[in-house]
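Here is a short briefing to read alongside the sequence and the fold.

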Amino acid sequence: MKVRFWGTRGSIAKPGSSTVRFGGNTSCVEVRSASGTIIILDCGTGAHGLGQALMESGDHPLRGHILITHTHWDHIQGIPFFDPLFVPGNEWDIYAPRGLGSSLRESLAGQMQYTYFPITLEELGAAIRYHDLVEGVFEIADIKVRTLYMNHPALTLGYRLEADGVSVVYACDHEPHSRQYAQGTGTMSEQDRRHIEFMQGADLVIHDAQYTTTEYTDKFGWGHTPVACAVDMSRTAGVRRLALTHHDPLRSDDRVDALCEDVRTGLPQAERPMDVFAAAEGMVIELKASLDTKAEKDTESFSAVTSIEPALQDHQVLIGIADETLAEKIQQAAEADNLRILRAETSQDVLGIVRSTRLSLVILDDGRVGGSAMETCRAIRDIDIDHVCDLPVIIVANADSDVGSEAGVTDWLIQPFTPEYVRTRLRAWVMRSMCRWRRAPIPENEEHRIEALKELQLLDTKKEERYEQITRIAAAAFDVPIALVTLVDQDRQWFKSHFGLSATETPRDQAFCAHTILDTKVMVVRDTLLDPRFADNPLVVGEPRIRFYAGYPLTLPNGTSPGTLCLIDTRPRDLDEVKIKLLRDLGRLVEREMAVTLPP
């Protein structure tokens with residue numbers, strides 16, 4: 001894997017004599033796998049030079065991928081000046097975190113409105129596809145990409161790229177969750193440990209290091225890491241090489257050199273050395289694996305490209321804060337993203353609402369009557385109800401606590417903070433709560449299964465009465481509002497027949513039927529809200545609000561399963577053995593019809 005830095009400056013471009021060696025352009029990093037896959041990490045002003053280099057390379061048409069950490073100006077200002085986006089025939093996929101408000105495309109179009117720029121997004125000549133991301137895993141050609149929310153005033157993702165037996169982590173614009181740990185006076189929080197786990201064993205980490213520890217004291221909540229803390233986290237994670245980046249615009253080349261020298265001097269000599277250096281424009285790093293290994297395909301982690309649009313509604317946040325000014329500040333931040341707010345004044349009120357209501361988030365402080373926030377959090381963790389077991393609990397405090405993890409605290413909201421910071425943290429916590437349903441593993445015979453599915457030549461075909469008749473009969477026989485004949489394709493679930501449902505397909509990551517095809521038996525989910533695989537699925541919390549599912553895995557003569565005959569209801573229910581046998585019989589009628597279309 002080859003890594004090249006095109007922009008390493010933070011906040012604002014800073015050209016001039018004092019930044020010649022490390023560069024004045026804002027964040028942009030080019031990554032290429034051995035097979036030639038191009039990934040660009042952030043698109044700050046450094047993207048202008050990268051675009052020119054790509055155009056001069058002679059590789060046309062160009063195909064590439066841009067991973068944006070967040071849409072602050074210093075990370076997207078290069079997009080209108082990135083030449084390959086103007087050329088017809090080129091293809092680019094642009095990825096960025098999905099917020100609760102505008103889409104990625106809308107955010108990028110904003111900086112190219114006529115008021116600010118002479119060319120609109122619609123006038124770019126290349127084929128551009130936009131992808132909203134959440135935390136999880138996805139693949140770009142031969143590169144596996146993991147995402148993790150960073151701690152920043154805007155919703156921000158870090159990226160871990162794995163290919164060719166090596167791994168690169170890009171964690172730009174991140175502030176440690178524990179301010180005491182960031183200053184070197186306390187221990188890391190549970191969320192800091194999660195960040196370190198994300199970097200674990202990486203061959204190269206490119207990490208935000210905008211401030212010194214002294215500078216950080218005056219910049220709590222600005223979303224950046226002190227140099228010493230970036231080094232400590234990387235050492236703890238067993239990182240091989242650490243590139244310090246997002247250099248402060250006021251930091252000269254000589255001062256960057258001095259910081260790096262201080263870091264190297266302070267590293268323990270007895271342990272395995274970690275190579276620490278400052279990222280510089282034009283620097284090229286080639287990473288080679290010590291073993292001939294490839295990144296394994298992750299078949300069970302949550303897909304970062306999953307569409308969660310149906311789940312972006314009806315989120316309820318419980319605020320258990322006695323200080324009215326503080327509670328109002330958090331409530332306004334939540335309502336800005338259309339989150340529904342519940343209020344509780346005492347610990348007993350909090351526990352009563354948690355037991356009776358499906359919540360996305362609980363926010364507490366120590367000002368309530370009847371117990372501390374820690375005690376209330378422990379009491380919440382003792383509630384044995386499915387929708388409570390993974391409920392995020394956030395505590396507002398003046399400092400985080402070492403015993404928070406023991407009490408079941410998910411995270412801390414440390415004062416002082418700005419409304420924008422609260423809104424961003426709320427977004428990250430709610431987005432995580434929406435992404436807790438389980439993605440079905442990929443069948444072992446997936447390649448053979450997809451080939452057999454294509455041979456049926458049924459995908460994207462018109463309605464046929466022979467299938468419509470079966471779903472009508474199934475809906476009437478089982479008294480359900482929805483009956484489907486589904487085909488589970490590579491990235492989607494398509495409906496050959498869809499009685500009672502207007503949609504013709506859903507993403508595969510949301511598909512109940514993707515679970516059904518893993519077995520030869522009928523799969524029955526009596527109540528989706530009681531099943532951790534599906535309780536937070538967008539098709540459960542959003543339309544069509546599935547509460548009951550039963551699916552028969554269709555089987556072709558070669559033994560593969562292309563899809564299902566399934567039943568859906570909006571109320572919990574069960575199927576006895578007689579009904580299961582009837583569903584199996586109807587499924588075999590579908591199999592008989594499919595066999596007719598197979599080539600001899």
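Asp 365 is buried, because its relative accessibility is 8% (buried means under 20% relative accessible area, exposed over 50% and partly exposed in between, with a 1.4 Å probe and protein chains only). Please keep in mind that this is a predicted model, in which local features need pLDDT of at least 70 and side-chain atom pairs count only at pLDDT 80 or more, while totals for chains, interfaces and linings use all residues. Residues are numbered from 1 along each chain as its sequence is written, and side-chain values use heavy atoms, with hydrogens and water left out.

- You will find Asp 365 in the loop between β17 (361-364) and α11 (373-381); helices (H or I, at least four residues) and strands (E, at least two) are DSSP runs, numbered from the N terminus.
- Leaving aside neighbours within four places in sequence, Asp 365 is in contact (heavy atoms within 4.5 Å) with Gly 320, Ile 321, Ala 322, Asp 323, Leu 326, Ala 373 and Val 396.
- Leu 458 sits in the loop between α14 (446-456) and α15 (465-478), and at 2% relative accessibility Leu 458 counts as buried.
- Residues touched by Leu 458, not counting those up to four places away in sequence, include Tyr 467, Trp 494, Met 594 and Thr 597.
- From Leu 458 to Thr 597 is 139 residues in sequence, but 8.4 Å in space, C-alpha to C-alpha.

**The seven-stranded sheet**

- Seven strands make an open sheet with mixed pairing, in the order β6-β5-β4-β3-β2-β1-β14; two strands pair if DSSP finds at least two bridges between them.
- The edges are β6 (127-133) and β14 (284-286), each with a single partner strand, so one side of each has no neighbour in the sheet.
- From one strand to the next, the twist averages 20 degrees (axes are lines fitted to C-alpha atoms, for helices over the stretch in contact, and angles run from 0 to 180 degrees between N-to-C directions).
- Strands β3 (residues 38-41) and β4 (residues 63-67) pair in the parallel sense over three bridges, and Leu 41 has Leu 67 in β4 as its bridge partner.
- Helix α1 (residues 47-56) packs on this sheet and touches β1 (2-7), β2 (28-32), β3 and β5 (91-97), with its direction at about 35 degrees to that of β2.

**Helix α5**

- The buried residues of α5 (residues 190-199) are Gln 191, Asp 192, His 195, Ile 196, Phe 198 and Met 199.
- Seen down the axis of α5, these buried residues fall within an arc of 155 degrees, so they line one face of the helix; the arc is that of the directions from the helix axis to the C-beta atoms.
- After α5 comes Gly 201, with a positive phi near 65 degrees.

**Salt bridges**

- The structure holds 39 salt bridges, each a side-chain nitrogen of Lys or Arg within 4 Å of a carboxyl oxygen of Asp or Glu.
- Glu 135 pairs with Arg 194, the closest N and O atoms being 3.1 Å apart. This pair links distant parts of the chain, 59 residues apart: the loop between β6 and β7 (136-140) and helix α5.
- Glu 135 is buried at 11% relative accessibility, whereas Arg 194 is partly exposed at 34%.
- Arg 240 and Asp 203 form a salt bridge, with the closest N and O atoms 3.9 Å apart.
- Lys 454, Asp 460, Asp 489, Arg 492 and Glu 505 are joined in a network of salt bridges.
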